[in-house]
Amino acid sequence: MPLGLIILACFILLPTIEIYLFIEVGSVIGAIPTILLTVASAAAGTYMLRQQGLSLLMRMRSEMDSGRVPSHEMMHGAMIVFAGLMLLIPGFFTDAIGLLLFIPPLREVIGNYLARHVKVQNLNVNPGYRRRDGTVDLNEDEWSSSRHAEQDDDPSRPRSNDPDQISPWSTDDDKRR
């Protein structure tokens with residue numbers, strides 16, 4: 001199923017489910033208790049996120065101190081953040097998802113499933129104009145110097161009165177290349 005359809009279904013189905021559950025719960029326990037329950041679940045989610053998040057950060061730090069990559073802990077951390085977000089969103093369905101994700105064995109099962117089915121792709125980012133020899137290669141419009149006026153008295157600095165010369169350090173031979 002394409003990702004666009006999944007996202008569209010979430011934007012349509014999730015609010016519909018939440019509205020239905022609000023109506024059902026509100027008709028059983030009343031409007032005020034329903035609102036208070038929603039606020040209480042958001043507060044509980046914030047508390048649980050803080051508690052489990054701090055514990056997870058300590059485990060990640062110990063893994064890094066041991067010289068290991070904390071990939072397992074990072075996966076748990078992402079799910080804890082998602083669980084906290086689900087608890088902060090008003091609604092009983094999202095609260096149920098959030099509470100379930102705070103259960104470590106369930107996070108482990110979901111993490112193993114994702115590890116088997118998610119394709120990871122590495123991207124090489126262009127480091128810019130830096131060449132391997134340490135030279136920074138800039139186009140004519142990408143550099144300027146505010147020190148031209150200050151260095152006019154410097155006899156060791158190369159000079160040129162040619163307005164077509166790209167760099168004050170280039171020579172006529174460089175322009176012919």
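Reply: This is a predicted model, in which local features need pLDDT of at least 70 and side-chain atom pairs count only at pLDDT 80 or more, while totals for chains, interfaces and linings use all residues. Residues are numbered from 1 along each chain as its sequence is written, and side-chain values use heavy atoms, with hydrogens and water left out.

Me: How far apart are the end C-alpha atoms of helix α2?
Reply: Helices here are DSSP runs (H or I, at least four residues), numbered from the N terminus. The expected span of a helix is 1.5 Å times one less than its number of residues, so the 35 residues of α2 (residues 31-65) should span 51 Å. The model agrees with this expectation, since the end C-alpha atoms of α2 are apart by 51 Å.

Me: Which elements are included in what covers the buried residues of α2?
Reply: Buried means under 20% relative accessible area, exposed over 50%, and partly exposed in between (1.4 Å probe, protein chains only). The buried residues of α2 include Gly45, Gly53, Leu56 and Met60. Contact means heavy atoms within 4.5 Å, and the cover of these buried residues includes α1 (3-29), α3 (71-88) and α4 (92-101).

Me: Which residue meets Arg68 in a salt bridge?
Reply: A salt bridge is a side-chain nitrogen of Lys or Arg within 4 Å of a carboxyl oxygen of Asp or Glu, and a search of the whole structure finds 1. The N to O distance is 3.0 Å, and the partner is Glu63.

Me: How far from Arg107 is the nearest side chain of opposite charge?
Reply: Arg107 lies in helix α5 (residues 104-117), and its contacts, leaving aside neighbours within four places in sequence, include Gln52, Met79 and Phe102. Lys and Arg count as positive and Asp and Glu as negative, with His and the chain ends not counted. Arg107 is buried yet has no salt bridge, and the nearest side chain of opposite charge, Glu108, is away by 7.3 Å.

Terms used. Helix = DSSP H or I, 4+ residues; strand = E, 2+ residues; numbered from the N terminus.
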